[in-house]
Amino acid sequence: MEITNSPGGLTTEFFTFAENGGFNLLCGRSIGPVTLAYETYGTLNSEKNNAVLILHALSGDAHAAGCNDTTGKNPGWWDGYIGPGKPFDTDKYFFICSNVIGGCSGSTGPASINPETGKQWGMDFPIVTIEDMVRAQYHLVKYLGIEKLLAVAGGSMGGMQALQWSITFPEMINSCICIAASASLSAQGIAFNEVGRQAIINDPNWNHGNYYDSKFPGAGLSLARMIGHITYMSEKHMHERFGRNFQSDNMSKKNMDSEFSIESYLHYQGVKFVDRFDANSYIYITRAIDYFDLNDNGRGRLTEAFEKAKANFLIISFNTDWLYPTAEAKKVVQALRITGKNVNFNEIDTENGHDAFLLPNKTLEKNISSFLKNEFKKSTGK
Amino acid sequence: MKYQRIGYDLVINEIDKGSKVLDLGCGDGVLLEMLQDEKDVKGSGVEISEEGVTMCVEKGLYCYQGDIDEGLSDYLDNSFDFVIINQTIQNTKRPDHVIEEVLRIGRRVILSFPNFGYISTRFSLLLLGRMPVNRLLPYEWYESPNIHLLTIKDFRNMSKKFRFRIVREKGFCFTSGKKSRIRRLIPNLFSQYGFFVIEKIS
């Protein structure tokens, strides 16, 4: 892939808070110190009103844009959308992307050292929620000297975080961009997450999460990732991209070793994932996604949950996304409409399924850039 | 898609300054934008097409992608000062349900629609024996989005059964880019379009 218009010269930075413990989690436990890995792109203006917090999905990290090594490779997970002249325009706005608590890309998570034991937390790590992730990000935003964010934006789990931000810190965000997400995950989604977790747990190397000094449960994590990838694609997209093609051209003999292109793709994704992701983190973060339910913020009612929200919303769904279907996004939109919030909702026609938010899409690009431009104009009078 | 600006001047004229407005079938959002500029309204729209919503977002409007036939029930009673259905009611599957819903959610409802009683339309059917295809109704019967055609008289007659009061009734003609021209003489015969402002009888 050729990388153009990417913010250059990037490094991942680390912010640590609650040095002596005391970051209270929703589960009732308290941890600290907590470190968040983060990257920033663009320039924070003197009024500090052009900051946008980018929120990543399950397998994402702080590296959202640009190439942060000298090789010019390894573009950020949302590099197509963040950069000079891109929908999230680094010439105009200042972007922050932080890795979530519970993650494994430089932030405090199950692979971090438990200060009390001097060993990795493993499954002793407290259970974290989407709200805990958001509360941790709050400390980072404050540390960066930002009183109010122009926007929070994310897709999938990132969209869940964006919605959570609007409820937990209504005064701190001007607008909320939520893509391919919902107020809670469907039973089907939970089912797929559970199969992924079981793949890890049943890997003999997993050893109840205590594998940091021995063999990594790579087979399990790889399988979990393969299952995940199936849910990110639409049937049509999968068919058109892979069809029934074989990986190698000279498939004269069919045998058990022969491989369809789709198999090869999934294997590749699985193996690639093992190199950069921690198996325990996968368990913790999928759990956070499963437990996420904004109805809980409103005593069982979504309208009550959004009552205090002050942000203006851009909600986007994709018509072929069966993991977070349009009908689920509409429930959020409905609650926002009933409570009188300013909300844009667009269901985008695409064949790319859930993954569409990561891929080039003219309508999505236009909606994001227009929304951001207008929200900046409205909030600053510029 | 090209959006015509039929009856915008008449609609804008009815809206009070600073009111809360919902535009059903808002298209590219030009009417809402004009209402914001001229009447300082707090407006939002519902639009069925992805392109329409995208154009609304571009203008800084708030717009919900949806089918009017499917979703108005989530709005609370009297959520809006005005609900606009400009050149859209004839496209809906159940105009009766839509009328009931808009009367519920809006204090006042502003409608305009192509008048099937218009003279040249009548001629086409009466003399040529064919469904009219003209500037007003520019589609062949098999491709027309206009699935519920009505006349000014038809709409007027709805008021009793659907328990609404007609605040204002006009017939008008429109040539694109120009102002609406009111037809006072036998409006149901000489008007291309019907225009109504209605409110529920409580």
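Is His56(A) buried or exposed? In this predicted model, His56(A) has 26 other C-beta atoms within 10 Å; because the threshold for burial is 20 or more, His56(A) is classed as buried. The residue is located in the loop of chain A that runs between β5 (51–55) and β6 (82–83). Leaving aside residues up to four places away in sequence, the contacts of His56(A) are Asp61(A), Ala64(A), Trp77(A), Cys97(A), Val100(A), Gly154(A) and Gly158(A).

Between the two chains, 20 residues of chain A are in contact with 13 residues of chain B. On the side of chain B that touches chain A, at least two residues each come from α3 (50–58) and β3 (62–65). The element that gives the most to this side is α3(B), with five residues. Sorted by class, the side of chain B that touches chain A comprises seven nonpolar residues, three polar residues and three charged residues.

Helix α4 of chain B spans residues 95–105. Its buried residues are Pro95(B), Val98(B), Ile99(B), Glu101(B), Val102(B) and Leu103(B). An α-helix has 3.6 residues a turn, so residues three or four places apart point the same way. Among the elements of chain B that cover the buried residues of α4(B) are the strands β4 (80–86), β5 (106–114), β6 (164–173) and β8 (193–200), together with helix α6 (152–161).

Key: Residues are numbered from 1 along each chain as its sequence is written. Chains are lettered from A and ligands numbered from 1 in the order in which they are written. This is a predicted model: local features need pLDDT of at least 70, side-chain atom pairs count only at pLDDT 80 or more; totals for chains, interfaces and linings use all residues. Two residues are in contact if their C-beta atoms, placed from the backbone, lie within 7 Å. Helices (H or I, at least four residues) and strands (E, at least two) are DSSP runs, numbered from the N terminus. Ala, Val, Leu, Ile, Met, Phe, Trp, Tyr, Cys and Pro count as nonpolar, Asp, Glu, Lys and Arg as charged, and the others, Gly among them, as polar. A residue is buried if 20 or more other C-beta atoms lie within 10 Å of its own, exposed if 12 or fewer, and partly exposed in between; C-beta atoms are placed from the backbone.
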